[in-house]
Amino acid sequence: MTTYVLLLRGVNVGGVNLKMTDVAAALTDAGFTAVRTVLASGNILVDSEHDRATVTETAQQRLRERFDYPAWVLVYELAAVRAIAADYPFTPEVDGYHSYVTFVADPAALEELAGLAAGADEKIARGDGVVYWQVPKNTTLKSALGATMGAARYKPVTTTRNLRTLGKVLARAQ
């Protein structure tokens, strides 16, 4: 049995409003066990005997059927998320800044995003399947990475989490 972290893209922002209790029930009905949600922003822990690709496909299909929206789910083994969070290359807590991790499921998109020139006071670094990012508060959407991430082509293959949120996901997995 493997514990996976499911990161739902665009949940409870931009008009896609889901109750996490309903999401947990849908995933349990899909055959996942030990389903636990963290916050209301689409962070879910599940246990499964299946591989990552099967977990991804099953979760996306079930959420699309149950909630009738274009669900995109990025799936990682719990150990991988622990390593990603531990490898954050910048000072994690800086007053006036957000510390983010953008998970990227497509290698070409990862190259593009990691290769962006950081804007003023913004930091961007490539990690293992992720882009680490630190940006001043209130400039997220205007920053180099934030402005680029809005492109439709990135929606199915990326999702961003605050480093604090990842800490809460990892704490819930204990």
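Which residue in β3 does T2 stand opposite?

A: T2 stands opposite S48 in β3. Keep in mind that this is a predicted model.

Start with the strands. β1 and β3 pair in the antiparallel sense, over six bridges. They belong to an open sheet of four strands, in the order β2-β3-β1-β4. The pairing in this sheet is antiparallel. β2 and β4 are the edge strands, and each of them pairs on one side only. Neighbouring strands are turned against each other by 25° on average, direction ignored. In general, strands of a sheet pair through backbone hydrogen bonds, either parallel or antiparallel.

Now the helices. α1 packs on the sheet and touches β1, β2 and β3. The direction of α1 makes about 160° with that of β2. Helix α6, residues 163-172, lies across β1, β2 and β3 as well. α6 runs at about 150° to β2.

After α1 comes G31, with a positive phi near 105°.

α2 comes next. This helix has 16 residues, 52-67. At 1.5 Å a residue, α2 should span 22 Å, and its end C-alpha atoms are 22 Å apart, which agrees. Buried in α2 are V55, T56, A59, Q60, L63 and F67. They cover an arc of only 120° around the axis, and therefore lie on the same side of α2. The buried residues of α2 pack against β1, α1, β3 and β4. The face turned away from that buried side carries the exposed residues A53 and E65. D68 follows α2, and its phi is positive, near 55°.

So far, β1 has come up again and again. It pairs with β3. It is touched by α1. It also has the buried residues of α2 packed against it.

One residue from later in the chain also belongs in this picture. T159 is found in strand β8, residues 158-162. T159 is buried, with a relative accessible area of 3%. Leaving out residues up to four places away in sequence, T159 touches L7, L8, R9, L74, V101, T102 and F103.

A last stop is G146, in helix α5, residues 144-149. G146 is buried, with a relative accessible area of 12%. Again leaving out residues up to four places away in sequence, G146 touches W133, T140 and L141. G146 and W133 are 13 residues apart along the chain, and their C-alpha atoms are separated by 9.6 Å.

Conventions. Residues are numbered from 1 along each chain as its sequence is written. This is a predicted model: local features need pLDDT of at least 70, side-chain atom pairs count only at pLDDT 80 or more; totals for chains, interfaces and linings use all residues. Side-chain values use heavy atoms; hydrogens and water are left out. Helices (H or I, at least four residues) and strands (E, at least two) are DSSP runs, numbered from the N terminus. The expected span of a helix is 1.5 Å times one less than its number of residues. Buried means under 20% relative accessible area, exposed over 50%, partly exposed in between (1.4 Å probe, protein chains only). The arc is that of the directions from the helix axis to the C-beta atoms. Contact means heavy atoms within 4.5 Å. Two strands pair if DSSP finds at least two bridges between them. Axes are lines fitted to C-alpha atoms, for helices over the stretch in contact, and angles run from 0 to 180 degrees between N-to-C directions.
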